There are 2 protein chains.
Amino acid sequence: MHLGAFLFNLGNHAAGWRMPDVPTEGLMAFDFYRNLAETAERGKFDLVFHSDGLGINDTYDAVLRHTVTIRPEPLTLLSALAVVTQRVGLAATISTTYNEPYHIARKLGMLDFLSNGRAALNLVTSSTDQEAQNFGLSHHLAHGARYERAREFIDILRLLWDSWDDKALSFDKVSGQVADPALIQAIHYKGKYLSVRGPLNMPRPPQGHPVIIQAGVSADGQDFAAHVADVVFSVERSLASAQAFYAAAQTRVTAAGRIPGVMKVMPGLLPIIGRTQEEAESKDRALQDLVPESLAVSYLSDVVQHDLSRYPIDGQLPELPESNGEMGRRQIILDQARLPGATIRSLAVQMVQNRGHLRVVGTARTIANFMAEWFTNNACDGFNILAPFHPGGLAEFVDEVVPELQHRGLFRQEYSGRTLRDHLGLARP
Amino acid sequence: MHLGAFLFNLGNHAAGWRMPDVPTEGLMAFDFYRNLAETAERGKFDLVFHSDGLGINDTYDAVLRHTVTIRPEPLTLLSALAVVTQRVGLAATISTTYNEPYHIARKLGMLDFLSNGRAALNLVTSSTDQEAQNFGLSHHLAHGARYERAREFIDILRLLWDSWDDKALSFDKVSGQVADPALIQAIHYKGKYLSVRGPLNMPRPPQGHPVIIQAGVSADGQDFAAHVADVVFSVERSLASAQAFYAAAQTRVTAAGRIPGVMKVMPGLLPIIGRTQEEAESKDRALQDLVPESLAVSYLSDVVQHDLSRYPIDGQLPELPESNGEMGRRQIILDQARLPGATIRSLAVQMVQNRGHLRVVGTARTIANFMAEWFTNNACDGFNILAPFHPGGLAEFVDEVVPELQHRGLFRQEYSGRTLRDHLGLARP
């Protein structure tokens, strides 16, 4: 089983920051993230993920007032974390829509050097007009075009990482030769969206190519992942749907000409852990009660890209207009809205707590059982753990759930390799 | 006196990497840069600079074969160095032409948080077609347009850094308020080249604004610096010209409505240190002899943006066609070419050794005397030290020249403040 820790700043639950032990001044403090990364490494996690976004969501006052809209910048933060960790992988979320591939090839390559082969990038295509407007555009790219650009982007990254042969550098002090020009090649890439000459001004990274993670769950996102992803960060709500997604992913990978199994599927999981089931449920309710109603409705409005504040909160979700924003989580809401008894309030409470991901409430043993069931029944290759609050929620998982998984023989007792590719069982390209 | 250390990878002299003690495998190794940053901090330097470029110079085979064209990425590297240093400032070279200000505001802001107020950016406008072609353009922007864009860029950085009021974050666990929306403002900047909505998704950095360094020495560059720079990294060759530049800089700063003295002028200085004058000169010749003739001519061709290999090497520099590349160092060559006896060979040897900067060859005492003379005669506020080879050349300077400067009362014995603004005597905006 593979495990990732999703470092969504003070915690993945919308009210996580209000828990008594959460040091809110940690939001911009290196030692807070150092603690989290060290905790994940103590738990033998494959990697830590750092989420990102390229703007402030200021559409709804309640979101700006009641949630953490600040996003510590991942490439700089993970580079600093590379210094204080030895084994855990370091994944940066990167928008392919609002970045230039030459910059990203360099920064990810450098993170791979700084960490001796532990770098990964979590590709997203971005989906809000606020982000577009921070980069000189009035509206964001259409959904299909975003993924076309993303394909070009990843093609370019790989060509740039390969533009210096592994043997290009010689540093021969006697002859004065630094590098063999014949082993350094421009790439002359000309696509529909991106053109890059190359070569990269950096030798080939330790992993050859840093690990590629893909987090989109729309049809375009899944197809893109099947072609390029080493890891998929998926959103699943039930064993049956996860099994269907997992089987379909293997089929798509095969259709893309790749070997089944080379793409690891890791759904998000938000664990609420108690010493007893009752304690866990009480903790869950306490967190839920800390979410202001105005925030829950605003948050849901944001995910479905339609202001729901004018509709009765205990009524059904209305018909929604077409949208060009993020598809995956919107579709999850639309699916759930069809279930009996679903109201704006119930959907809002679900979404704001989990951000669409699976929430499992129980003892360390029942959570480990749940994970074992999914893992051994072809629903996934592991999980991305979304601790509800930091650092305590991640420490609880590492100290209580990880030993249960190790005891069942499902998870490593110790790292056997050095690079993130080693942890994931992926060859160096 | 203020001191910066210019970390041009294995050394600032073109043949520095060939010195016996230079660990060439250090080029991509964190510990190599850690050693350099720790050495600069041991020497109480104000800051370390990391140079950068956004492409490989592959016009001349000799440059690709005989020089280090690799550029470790500064923002990631300096973020890692922030963890292992406590006081020294950390300056990243950033192209305003091929970056988006929203990304740079975040990354520099984050470096400022990671380092507790030690971040700086060294703005350059980039000047080669190879760089343009790595970012989807066929040719680089015209010289004047590059500086117009740079002005918009810096305006946007400052507005973004100010978009969260110092008091915007409250993290009130009782009321559930994270931030006060009234203290977070979009910037709605619309310029000729750049449009950015804002706000930044990060609170105000520890320094308010990270320190701005400007390295261009053309007329456009000097005018830009007078408006925005906290530090100017200049290129000077003689006391008289440095004094003229320094006086003109104060005049321009005043004309720009700023207080004279708020902009620190720090020319580059490449020290070749020996226990005796003879030893220093012999070291200087040894370095010079390690530069292949083909490299020297190619390097000069590159700086003047005209292939000189077809001209007699012991003849005069020919008339050069107009160019749209980097102006500053080209002009220095044109000025030197008018001196009696100047040949392509003599100009090439000068340029390849110093990259246009002042080279001072002597004992620690004579080098300190030289620096004292410039500093006390209104030629500069300090120097950027370009050690010819790393790490030994920087360690020599710190161990031998810095004590001479301290002994004369010209340089600090200990840091008195914590932030880079403290070191430079600049207020928090």
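In helix 11 of chain B, the buried residues are B:Gly328, B:Arg329, B:Arg330, B:Ile332, B:Ile333, B:Gln336 and B:Ala337. The model described here is predicted. Because 7 of the 10 residues of helix 11 (residues 328-337) of chain B are buried, the rest of the structure largely encloses this helix. Its buried residues pack against two other helices of chain B, helix 10 (293-304) and helix 12 (344-354).

Helix 7 (residues 219-228) of chain B also has buried residues, namely B:Gly221, B:Gln222, B:Phe224, B:Ala225, B:Ala226 and B:Val228. Both helices and strands cover them. The covering helices include helix 6 (143-161) and helix 8 (239-255) of chain B. The covering strands include strand 4 (119-124), strand 9 (211-214) and strand 10 (231-234) of chain B.

The next point concerns annotated positions in chain A. An unreviewed UniProt entry places the feature "binding site" at A:Asp52, A:Thr93, A:His143, A:Tyr147 and A:Ser218. A:His143 belongs to helix 6 (residues 143-161) of chain A. Its relative accessibility is 10%, so A:His143 counts as buried, the cut-off being under 20%. Leaving out residues up to four places away in sequence, A:His143 touches A:Ser218, A:Asp220, A:Asn324, A:Gly325 and A:Met327.

A:Ser218 sits in a loop of chain A, between strand 9 (211-214) and helix 7 (219-228). A:Ser218 is buried too, at a relative accessible area of 9%. With residues up to four places away in sequence again left out, A:Ser218 touches A:His143, A:Tyr147, A:Met327 and A:Gly328.

A:Gly417 lies in the loop between helix 14 (392-407) and helix 15 (420-424) of chain A. A:Gly417 has 12% relative accessibility and therefore counts as buried. Along the chain, A:Gly417 and A:Arg87 are 330 residues apart, yet 8.2 Å separates their C-alpha atoms. Beyond its neighbours within four places in sequence, A:Gly417 is in contact with A:Arg87, A:Asp422 and A:His423.

The two chains meet at an interface. There, 73 residues of chain A are in contact with 73 residues of chain B. About 6400 Å² is buried between chain A and chain B, and carbon and sulfur atoms give 63% of this area. Of the area that chain A buries against chain B, A:Met28, A:Lys173 and A:Arg197 supply 11%, more than any other three residues.

Polar and charged pairs also cross between the chains. The count is 6 salt bridges between chain A and chain B. One salt bridge joins A:Glu73 to B:Lys107, with 3.3 Å between the closest N and O atoms. Between chain A and chain B, 40 residue pairs are in polar contact. Several elements of chain A each supply at least two residues of the side that touches chain B. Among them are helix 2 (61-66), helix 4 (101-114), helix 5 (129-133) and strand 5 (169-172). Helix 3 of chain A gives the most to this side, with 8 residues. The residues of the side of chain A that touches chain B divide into 39 nonpolar, 20 polar and 14 charged.

Over all chains, the whole structure holds 43 salt bridges. Side chains of opposite charge can pair when their charged atoms come close. In chain A, the side chains of A:Asp314 and A:Arg345 meet in a salt bridge at 2.8 Å, N to O. This pair links distant parts of the chain, 31 residues apart. A:Asp314 is in the loop between helix 10 (293-304) and helix 11 (328-337), whereas A:Arg345 is in helix 12 (residues 344-354). A:Arg345 is partly exposed, with a relative accessible area of 32%.

In chain B, the side chains of B:Glu38 and B:Arg34 form a salt bridge (3.0 Å, N to O). Both lie in helix 1 (residues 30-42) of chain B, and because they are 4 residues apart, about one helical turn separates them. B:Glu38 is partly exposed at 32% relative accessible area, and B:Arg34 is partly exposed at 30%.

B:Arg204 and B:Asp166 form another salt bridge, their closest N and O atoms 3.1 Å apart. These two residues are 38 residues apart and link distant parts of the chain. B:Arg204 is buried, with a relative accessible area of 13%, whereas B:Asp166 is partly exposed at 48%. In chain A, a network of salt bridges links A:Asp162, A:Asp166, A:Arg204 and A:Arg428.

How values were computed:
Residues numbered from 1 in each chain as written. Chains lettered and ligands numbered in written order. Predicted model: local features only at pLDDT ≥ 70, side-chain atom pairs only at ≥ 80, totals over all residues. Heavy atoms only, no water. UniProt positions renumbered as here; feature names shortened; annotations may be inferred. Buried < 20%, exposed > 50% of the residue type's maximum accessible area, 1.4 Å probe, protein only. Contact = heavy atoms within 4.5 Å. Buried area = accessible area lost by both parts, 1.4 Å probe. Salt bridge = Lys/Arg side-chain N within 4 Å of Asp/Glu carboxyl O. Polar contact = N/O pair within 3.5 Å; in protein donor to acceptor, adjacent residues only side chain to side chain. Nonpolar A, V, L, I, M, F, W, Y, C, P; charged D, E, K, R; others polar.
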